Amino acid sequence: MSDNYVPKSAVGKWFNERLPLLDLIYGHLMPYPTPKNLNYFWTFGGILTFCLVTQIITGLVLAMHYVADADLAFASVEHIMRDVNYGWLLRYIHANGASLFFMAVYIHMARSMFYGSYKEPRELIWIIGVFIFLLMIATAFMGYVLPWGQMSFWGATVITNLFSAIPIVGESVTNWLWGGYAVGSPLLTRFFTLHYLMPFLIFALVILHVWALHVPGNNNPEGIDVVKGSQDTVPFHPHYVVKDLFALVVFLIIFAGFVFFVPNLLGHTDNYIQANPLQTPEHIVPEWYFLPFYAILRAVPDKLGGVILMVSAIAILAFLPWLDTSKVRSAKYRPLYKQFVWLFFANTIFLGYLGAQVADGLFLIMGRIATVYYFAHFIVILPLLGYIEKTKPLPKSLSEPVLTKEEKEMLASGATT
Amino acid sequence: MSDKPVTRRNFLYITTGTFTAAGAASLVWPFVDQMNPDASVKALASTEVDLRPIAPGQSITVLWRGKPVFIRRRTPEEISEAKAVSLDELPDPQDDAARAKNPEWLVMVGICTHLGCIPLGQKGEYNGWFCPCHGSHYDTSGRIRKGPAPTNLEIPDYVFLNDNTIKIG
């Protein structure tokens, strides 16, 4: 397969000579050399791209029917659900799509942590990824406010009030965000504007993310460097195109399961009650994908402290490439890290569980312990492991770990297989 | 740098650059300020309330600037309870007399100073207000006693127009 796109038609040739756009796309999708041993955890990049495009398309059509005004928003969402042709489908795809987007991004991030994909020379790919994650959080939060139900309203109230924790200017900043003295129409309108804008910013960052990825090439489950174009790589097409598509189909089955059978499972029933500024729901909970961070916020008995800790919990991710001092990438060859990274995943899920409980008594104490562990993983365990851990010997090639003993002996004696 | 003479060109560079930066900065302000509360929001800045229908031990909630304001006609027990508290026990020390112009009437913004939820009345360990979101307890004077909220419930600006009417804001 040629590295360059060779247009077959005269028009294609004419176009490509003037703007080698197809050449560029072709190079990144077809011959791009990819390690031959990527497992299914590497298919989430493609799945996430699909999620982003799905959210943009469904969001675009929903925006044609939605009204961003405090008096009309709730009714317009019900209008979408009841009156607009296939409105229910489009809205359920969009709402569940957001949840599945986060499910996929958490698996994608966990993959990167497990196999050390954030390490040299891929630090920038990871950091761009953290920024994409930040934008995703902002977009999802603002999107959740738009239906103007009770959870929308009170979620927006609690989160925008976080800014009032800033010393001295806190109140002015909060009033500026609100465009008033409480959450209301001005906030809803600006959230709608930003919710519409941010996916396109994410899209731009995704292009940078992939561009930065294609410079060093993919990491792989062994975590060793592979030489592009050697026996360790295969062209992206057809090998990984097919693998990614298969994974996407499986993902779509789960997606469809949510949309058609349990479309409200991940939502909160209170959000089908119109926003009421005079009544706070019994128990305010964010969407499931924010629960670990919500648990960290509540673990601190001090308002400003809680806000700082919650922001740090996300910001610390950007420093991961330097907090992890080990030169070995994959957890496969790091016996201690392998245990600690699983413990970290379990702890994060546990924080998510605690975020959904009432912050009192034992739950609060466990929340504090889990919060301390979350940060200890990054600032104590990871830096130390690089010095004390005895890693296993790395294979010389991607083939070595899967060869039988006989094949290895043959290779050692100089015979060709 | 220092041994080179200051030329006419240096001067022009610096003045041009300064003026451009100042001009660009002044143009940023309209884009920032458009988000601040607008004239129509500010116009709703005061609310008058008739107090006659409220019996001792009753509270009402009115909206002022989009925020709920609690107006409670306190019972004598609540007043004495609020006055009996030593200031040393309070995380945000404030005398009850400083919070209620007329001890019978407690007027305060009904928004938890933690993260903006609305506390429930006559609940919690101090028989005042209790915020269900993150568990802040307020006493019969609306002062924070226990929980994550940093300060007492805010007292808005208000005046008694006569014995039966107050104007908030």
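In this predicted model, His137(B) is in contact (heavy atoms within 4.5 Å) with Gly124(B), Glu125(B), Tyr126(B), Trp129(B), Phe130(B), Arg143(B), Ile144(B), Arg145(B) and Lys146(B), residues up to four places away in sequence being left out. The residue lies in strand E7 of chain B, residues 136-138, where strands are DSSP runs (E, at least two residues) numbered from the N terminus. His137(B) has a relative accessibility of 10% and is buried (under 20% relative accessible area, 1.4 Å probe, protein chains only).

Residues are numbered from 1 along each chain as its sequence is written, and chains are lettered from A in the order in which they are written. Local features of the predicted model need pLDDT of at least 70, side-chain atom pairs count only at pLDDT 80 or more, and totals for chains, interfaces and linings use all residues, while side-chain values use heavy atoms, without hydrogens and water.

Zero disulfides (cysteine sulfur atoms within 2.5 Å) are found over all chains. The sulfur of Cys112(B) has its closest cysteine sulfur in Cys131(B), at 3.7 Å, which is too far for a bond. Cys112(B) is buried at 3% relative accessibility, and Cys51(A) is buried at 2%.

Between the chains, 25 residues of chain B contact 25 residues of chain A. The buried area (accessible area, 1.4 Å probe, lost on putting two parts together, summed over both) is about 2,200 Å², with 65% from carbon and sulfur atoms. Met35(B), Leu115(B) and Ile118(B) supply 28% of the area that chain B buries against chain A, more than any other three residues.

Conventions. Buried means under 20% relative accessible area, exposed over 50%, partly exposed in between (1.4 Å probe, protein chains only). Helices (H or I, at least four residues) and strands (E, at least two) are DSSP runs, numbered from the N terminus.
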